[in-house]
Amino acid sequence: MAFPEYNMDPVTLARFIMEDDRERREKYGTTRTSLAFILQAIGVASKVIANAVQNAGMQGLYGLGGQANQSGEDQKKLDVLANDVFKNVLRNTKKVRVMVSEEQDDAIVIEGLDHARYCVVFDPLDGSSNIECNVSVGTIFGIYHTDNKSLAELGDCLRPGREMVAAGYVLYSSAVVMVLSTGTGVHMFNLDPTFGEFIETKRNFHMPAVPKLIYSCNTGNAEKWDDATKAYMRWIKAQPKTYSARYVGSMVSDVHRTILYGGIFFYPADKKNAKGKLRLLYECFPMAFLVEAAGGKAIDGRQRILDLTPTELHERSPIYLGTADEVDRVQEFYKQLD
Ligand code: AHM
Ligand code: MG
């Protein structure tokens, strides 16, 4: 008997990861079994964080919980918890030698491993200023690999974003969703609360060919933006077809909507912040990696984000990402006004 509405063969994240690795072996003759371990671990960490976010009220997890992080922002209890969970699961894979977290000034280098070729960069709980009012938050991660030596080093993280082997985010919202790319295609998994498993809901999905006309930015800063961004905003407002403004103020939510509906998300440089607000390594790179894999573009105004090489761990960058035509238009304004 057929039950077309009922998924009788769910693809769990675990199954996807194993199949993805098998496909790589068949196509390219290389396997990344350690990457599979790491992605599984990230799945587990995300479930623990999702649980903490959802139960924060009952568990006394709201409010401040640590010191100021490297950006001078006060850490929330959930920031600290999410960071610890992420570090623990990654450390226990024994496959990750270097970790860079938004919540820690210095990279974490794990000693005593004889074979650990991976670096993971992450923002364990992005948008945490939204936690107390239950607006969605997320986790962002990117993964580097070193092919030519058995132990990864800090320098392996300070490479252009295009050299990442995988990137993803997890959105803790009305549903918990993971969006992941291991280089080819972008895939989406929803956390099924009854099974406690991430289940594949979209494979190889693309940004829409006919995008919604949406722009997403903090217009509170508009007076301080540079001329190109101001000119682009004037252009948007002058269009006969009205653009809608949508801004959650949590990058994961704003990027997720942009990938699914189309449009543009941007956090520009401004007079106060010459390089914008968002961090290149663990915010801009993974999101640019995913947006490009879904058929969109991501630039810093002038250049492709994924071609930038970070010189320090917590470096910031302006970012404009989304529907390719829209991002190209921003780049045109930069070309004209430079
Ligand atoms: P955080 O890493 O301290 O949480 O800050 C990053 C967040 C992003 O999620 C979001 O896009 C941005 O900050 C919002 O900034 P603003 O409040 O200036 O609009
Ligand atoms: Mg962040």
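**Overall build**

The model is predicted. The protein chain holds 7 helices and 15 strands. Its radius of gyration is 20 Å, close to the 20 Å that the globule rule gives for 338 residues, so the chain is as compact as a globular protein of that length. Along the principal axes, the C-alpha trace spans about 55 × 55 × 50 Å. Of the 338 residues, 45% count as buried.

One open sheet has 8 strands in the order 4-3-5-6-7-8-9-10, and its pairing is mixed. Strand 4 (108-109) and strand 10 (197-202) stand at the edges. Each has a single partner strand, so one side of each is left without a neighbour in the sheet. Strands of a sheet pair through backbone hydrogen bonds, either parallel or antiparallel.

| Strand pair | Sense | Bridges |
|---|---|---|
| Strand 3 (residues 96-101) and strand 4 | antiparallel | 2 bridges |
| Strand 5 (residues 118-126) and strand 6 | antiparallel | 7 bridges |
| Strand 6 and strand 7 (residues 166-172) | antiparallel | 7 bridges |
| Strand 7 and strand 8 (residues 176-181) | antiparallel | 6 bridges |
| Strand 14 and strand 15 (residues 319-322) | antiparallel | 3 bridges |

Asp126 has Gly138 in strand 6 as its bridge partner. Thr139 stands opposite Val170 in strand 7. Leu171 is bridged to Val177 in strand 8.

Strand 6 (residues 137-145) is mostly covered, with 8 of its 9 residues buried. In strand 7, 7 of its 7 residues are buried. Both faces of strand 7 are covered. Ala166, Gly168, Val170 and Tyr172 lie on one side, and Ala167, Tyr169 and Leu171 on the other. Strand 7 then forms a hairpin with strand 8, with 3 residues between them.

**The nonpolar core**

The largest nonpolar core has 94 residues. Ile38, Val120, Ile143, Met287, Leu290 and Leu321 touch the most other members. Helix 6 (residues 280-293) gives the most to this core, with 11 residues.

What does Leu321 touch, leaving aside its neighbours within four places in sequence? Its contacts are Val255, Thr258, Phe265, Met287, Ala288, Val291, Gly296, Lys297, Ala298 and Val327.

Helix 5 has 9 of its 11 residues buried, so it is largely enclosed by the rest of the structure. The buried residues are Met251, Val252, Ser253, Asp254, Val255, His256, Arg257, Thr258 and Ile259. Just after helix 5, Gly262 takes a positive phi of about 90°.

Which residues come nearest to ligand 1? Of the 14 residues around it, they are Asp126, Gly127, Asn218, Gly249 and Met251. Strand 5 and helix 5 (251-261) are the elements that give two or more residues to this shell. The shell divides into 2 nonpolar, 6 polar and 6 charged residues.

**A close look at Asn83**

Asn83 sits in helix 3 (residues 77-93). Is Asn83 buried or exposed? It counts as buried, because it has 23 C-beta neighbours inside 10 Å, and the cut-off is 20 or more. Not counting residues up to four places away in sequence, Asn83 touches Ser101, Glu103 and Pro124. Asn83 and Ser101 are 18 residues apart in sequence, and their C-alpha atoms are 7.4 Å apart in space.

Technical notes
Residues are numbered from 1 along each chain as its sequence is written. Chains are lettered from A and ligands numbered from 1 in the order in which they are written. This is a predicted model: local features need pLDDT of at least 70, side-chain atom pairs count only at pLDDT 80 or more; totals for chains, interfaces and linings use all residues. Helices (H or I, at least four residues) and strands (E, at least two) are DSSP runs, numbered from the N terminus. A residue is buried if 20 or more other C-beta atoms lie within 10 Å of its own, exposed if 12 or fewer, and partly exposed in between; C-beta atoms are placed from the backbone. Two residues are in contact if their C-beta atoms, placed from the backbone, lie within 7 Å. The radius of gyration is taken over C-alpha atoms; the globule rule is 2.2 Å times the number of residues to the power 0.38. A nonpolar core is a set of buried Ala, Val, Leu, Ile, Met, Phe, Trp, Tyr and Cys residues joined through C-beta atoms within 7 Å. Two strands pair if DSSP finds at least two bridges between them. A residue is near a molecule or strand if its C-beta atom, placed from the backbone, lies within 6 Å of it. Ala, Val, Leu, Ile, Met, Phe, Trp, Tyr, Cys and Pro count as nonpolar, Asp, Glu, Lys and Arg as charged, and the others, Gly among them, as polar.
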